[in-house]
Amino acid sequence: IGLYVFGSIDCEIWGFIGGAERSGKNLRDIQTKIENMSVKYIKLLFVGNISKDSHIDSIEIQSSIKYGNKIR
């Protein structure tokens with residue numbers, strides 16, 4: 001199971017911002033060289049091996065505005 005976050009200024013070119021993967025009880029943060037970038041659009045990508053009977057009940061996202069009305 002994984003969650004990956006991508007960001008874009010123009011919805012045409014997307015850059016990897018960060019993510020996390022879980023294998024059983026182990027949670028691994030995916031940290032690559034993340035450049036300081038400002039984005040206007042965000043895509044969340046959920047991936048995993050699931051059965052045909054699997055479903056998502058809900059997704060909850062929290063954010064806070066800091067540093068000149070920018071979401072951090």
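These are my notebook entries on a few spots I looked up in this structure, which is a predicted model.

**Entry: C11**
I began with the backbone at C11, where phi is near 65°. That is a positive value, and C11 is not a glycine. Next I asked where C11 sits, and found the loop between β1 (2-8) and β2 (15-23). With a relative accessible area of 41%, C11 is partly exposed.

**Entry: S8**
Then I moved to S8, a residue of strand β1. Is S8 buried or exposed? Its relative accessibility is 2%, so I wrote it down as buried, since that word applies under 20%. I also checked what the S8 side chain reaches, and found the backbone oxygen of I13 at 2.8 Å. Leaving out residues up to four places away in sequence, S8 touches I13, W14, V39, K40 and Y41.

**Entry: the nonpolar patch**
My last stop was the surface. Which residues form a nonpolar patch there? I listed L3, V39, I42, L44, F46, I56, I59 and I61. Together they have about 750 Å² of accessible area. Strand β4 (residues 41-47) gives the most to this patch, with three residues. I56 has a relative accessible area of 63%, so I marked it as exposed, the word for values over 50%.

**Entry: a link between pages**
Looking back, I saw V39 in two of my lists: V39 is among the residues S8 touches, and V39 is also one of the patch residues.

Notes: Residues are numbered from 1 along each chain as its sequence is written. This is a predicted model: local features need pLDDT of at least 70, side-chain atom pairs count only at pLDDT 80 or more; totals for chains, interfaces and linings use all residues. Side-chain values use heavy atoms; hydrogens and water are left out. Helices (H or I, at least four residues) and strands (E, at least two) are DSSP runs, numbered from the N terminus. Buried means under 20% relative accessible area, exposed over 50%, partly exposed in between (1.4 Å probe, protein chains only). Patches are made of residues with over 30% relative accessible area and no salt bridge: like charges are joined within 9 Å, nonpolar side chains (Val, Leu, Ile, Met, Phe, Trp, Tyr) within 5 Å. Accessible areas come from the Shrake-Rupley method with a 1.4 Å probe; for residues, only the protein chains shown count as cover. A salt bridge is a side-chain nitrogen of Lys or Arg within 4 Å of a carboxyl oxygen of Asp or Glu. A polar contact is a pair of N or O atoms within 3.5 Å; within protein, one must be able to donate a hydrogen and the other to accept it, and residues adjacent in sequence count only if both atoms are side-chain atoms. Contact means heavy atoms within 4.5 Å.
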